[in-house]
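Please look over the model before reading on.

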Amino acid sequence: MNFTETAWKVFNQSIIDYHITDNVDTPVNNPYSKDSLEHLLYAKNWIDTVQWHLEDIIRDENIDPTEALKLKRTIDSSNQKRTDLVEYIDSWFLEKYRNISPNVDAKINSETPAWAVDRLSILALKVYHMRLEAQRESASDEHRKNCSVKLNTLLEQQKDLSEAIDQLLFDIENGNIKMKVYKQMKMYNDESLNPILYQNVKNA
């Protein structure tokens, strides 16, 4: 089983485990060893899955504004955790490939392995939920047919993205691409970088 096959399996296990309760407050119960890549992948997808449903909830037109603000801040916090975990996964790859000497003509990819994996995790959620819609008995035949077409496109995208990720890892392993990571340096949660936050601290 290659890397993306393993990742896809772990992502889908996380999604299925979440939907046992289908509750955004359900604590994660990661079944993998803490020092394994699978542990990171499961944790990453769990965050994505919870956030997927938070985004659904906040779009309820009848939601209480106070509750919506709380949810928005929860989503912001989730985004930060998601970014942090992507960087942990990239750190795992950096350690894995630390003894690889890039070729003289090695190129730099526009996307790190972990950010490509981030896309694959979100894609697993799209496939899961589109499949539900394609099979939903309460929906019209036309709705199910349209969703089936979209599902086939998503599955094609899974195949292409998986191939691209595996090729990227192959090229890094063989010195054709340099493994280089930049921290995201998000500014909106940082009291020293977000003007609204540091002005509030100054005026407190």
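Contact means heavy atoms within 4.5 Å. Helices are DSSP runs (H or I, at least four residues), numbered from the N terminus. This is a predicted model: local features need pLDDT of at least 70, side-chain atom pairs count only at pLDDT 80 or more, and totals for chains, interfaces and linings use all residues. Residues are numbered from 1 along each chain as its sequence is written, and side-chain values use heavy atoms, without hydrogens or water.

**Helix pair**
- R82, T83, V86, I89, D90 and F93 in α3 meet P113, A114, W115 and D118 in α4.
- The axes (lines fitted to C-alpha atoms over the stretch in contact) of α3 and α4 (residues 113-135) come within 8 Å and cross at roughly 130 degrees.

**Pocket**
- A pocket is an open set of points on a 1 Å grid over the protein atoms alone, with protein on both sides within 12 Å along at least five of seven lines; lining residues have an atom within 4 Å of a point.
- The largest pocket holds about 350 Å³, a volume being the space filled by probe spheres set on the points.
- Of its 16 lining residues, V28, W46, I47, V50 and K81 are closest to the centre.
- α2 gives the largest share of this lining, six residues.

**Cavity**
- In a cavity, a 1.4 Å probe fits but cannot get out.
- The largest cavity has about 40 Å³ of space.
- Residues including I108, P113 and K180 line the largest cavity.

Definitions and conventions. Helices (H or I, at least four residues) and strands (E, at least two) are DSSP runs, numbered from the N terminus. Axes are lines fitted to C-alpha atoms, for helices over the stretch in contact, and angles run from 0 to 180 degrees between N-to-C directions.
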